[in-house]
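Here is a friendly briefing to read alongside the model.

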Amino acid sequence: MKPQQLRTFLAVAEHRSIHAAARALFVSQPAVTRTMRELERDLDVPLLRRSISGVELTEAGLAFQVRASLLVEEMRRTREELQFMKEGANGRVAVALTSTVGLTLLPPALESFQRQMPRARVSINEDPVPLALRKLQDGTLDFMVVNTLSGSLGTAFHQQPLFDMSLMVAARRQHPCAAARSIRELNEHLWVAPGYAPDQDFVAQLFASHGQPAPARMLECESFAIAIHLLTRMNAFALLSAALIEQELTPRGVVALSLREPIPPARISIVTLRNARLTPTAQCLIACLQAQPLPAGMRRAEA
């Protein structure tokens with residue numbers, strides 16, 4: 001297999017059209033067709049089939065799409081690493097992270113990172129966990145900084161604990177129940193769940209830990225910015241990082257409730273593809289995140 005064959009196949013797989021792939025690659029349609037035939041001949045398996053709408057991937061083509069994407073990314077990372085060793089050149093890094101990390105540790109970490117690698121390109125994503133895991137597998141992401149995932153994550157990934165963060169129930173200061181002192185008083189009220197994921201429903205877990213059913217009135221909001229805006233404008237509750245509340249939300253009129261019941265902390269981990277070799281650029285950004293002093297409400301996690 002040649003790099004050009006892989007890139008051509010991925011373009012066809014993305015656009016589901018020989019014509020569109022040719023335009024994206026700035027080559028002729030016959031050149032794309034010829035390259036695809038050569039690749040299928042080398043692999044001895046059909047990757048494409050014609051359809052009314054263009055082309056479709058065969059079962060083998062779908063499986064090969066994941067591998068081809070990873071191969072292309074690994075070749076890029078290899079070139080970047082060798083170039084770094086030769087000239088000290090800076091590359092690029094793509095990371096997905098939680099909003100809490102993005103609003104607390106990331107700004108000073110990026111300042112440190114840019115002093116060390118001023119020409120590096122950084123891509124920051126806030127993808128839902130399932131999508132981010134797929135991007136890790138196909139090489140689109142270098143690593144993730146997210147809530148520690150369950151044991152069902154599988155052996156394809158490695159988690160390195162970064163820090164534990166205290167959680168608190170928050171509401172706008174004008175909320176009629178902002179002075180509540182027990183989780184039992186909050187069940188019937190509206191809740192906002194930023195970055196909601198069914199397998200990480202911390203609000204439901206909090207109520208269950210105190211023998212209470214999960215709130216029935218829940219706004220599930222994938223956009224963290226919209227969720228926080230709703231929290232500042234509506235009578236709703238949210239379960240958020242104590243550090244985030246203090247640093248970012250208190251000036252916007254959001255207060256943390258003083259509840260009698262304890263709230264278990266959340267662990268934040270760095271997630272990488274197991275046995276993957278991170279580029280010097282990715283390693284540098286991770287080191288910068290790990291080196292940052294933690295604000296109040298966060299503490300180093302024990303491995």
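Let's begin with Gln290, which is partly exposed because its relative accessible area is 29%, where buried means under 20%, exposed means over 50% and partly exposed falls in between, using a 1.4 Å probe and protein chains only. Please keep in mind that this is a predicted model, in which local features need pLDDT of at least 70 and side-chain atom pairs count only at pLDDT 80 or more, while totals for chains, interfaces and linings use all residues. Residues are numbered from 1 along each chain as its sequence is written, and side-chain values use heavy atoms, with hydrogens and water left out.

**Gln290 and its surroundings**

- Gln290 belongs to helix 11, which covers residues 280–291; helices are DSSP runs of H or I with at least four residues, strands are E runs of at least two, and both are numbered from the N terminus.
- Leaving aside residues up to four places away in sequence, Gln290 touches Gln160, Leu162, Ile270 and Arg300, where contact means heavy atoms within 4.5 Å.
- From Gln290 to Leu105 the C-alpha to C-alpha distance is 9.1 Å, although 185 residues separate them in sequence.

- Thr8 sits in helix 1, residues 3–15.
- With a relative accessibility of 2%, Thr8 counts as buried.
- Its contacts, not counting residues up to four places away in sequence, are Leu25, Val32, Thr35 and Met36.

**Aromatic pairs**

- The structure holds 3 aromatic pairs; rings of Phe, Tyr and Trp (its six-membered ring) pair if their centres lie within 6.5 Å, and planes under 30 degrees apart count as stacked, over 60 as edge-to-face and the rest as tilted.
- One of these joins Trp191 and Phe207, and it is edge-to-face because the planes stand at 80 degrees, with ring centres 5.5 Å apart.
- That pair links distant parts of the chain, with Trp191 in strand 8 (residues 191–194) and Phe207 in helix 8 (residues 202–209), 16 residues apart.
- Trp191 is buried, at 0% relative accessibility, and Phe207 is buried at 0% too.
- Trp191 also pairs with Phe237: the ring centres are 5.6 Å apart and the planes at 45 degrees, so this pair is tilted.
- Here too distant parts of the chain are linked, since Phe237 lies in the loop between helix 9 (224–233) and strand 10 (238–241), 46 residues from Trp191 in strand 8.
- Phe237 counts as buried, with 0% relative accessibility.
- Ring pairs link Trp191, Phe207 and Phe237 into a cluster.

**The cavity**

- Searching the whole structure gives 1 cavity of 30 Å³ or more; on a 1 Å grid over the protein atoms alone, a cavity is a set of points where a 1.4 Å probe fits but cannot get out, and lining residues have an atom within 4 Å of a point.
- The largest cavity has a volume of about 50 Å³, a volume being the space filled by probe spheres set on the points, which are joined across faces, edges and corners.
- Its lining consists of Leu70, Arg77, Leu136, Gly139, Leu141, Asp142, Leu273, Ala276 and Leu278.
- By class, the lining has 6 nonpolar, 1 polar and 2 charged residues, with Ala, Val, Leu, Ile, Met, Phe, Trp, Tyr, Cys and Pro counted as nonpolar, Asp, Glu, Lys and Arg as charged, and the others, Gly among them, as polar.

**Cysteines**

- The disulfide count is 0, a disulfide being a pair of cysteine sulfur atoms within 2.5 Å.
- Cys177 is partly exposed at 22% relative accessibility, whereas Cys221 is buried with a relative accessible area of 10%.

Notes: 1 Å grid on protein atoms, 1.4 Å probe; cavity = no way out; pocket = protein on both sides within 12 Å on 5 of 7 lines; lining within 4 Å.
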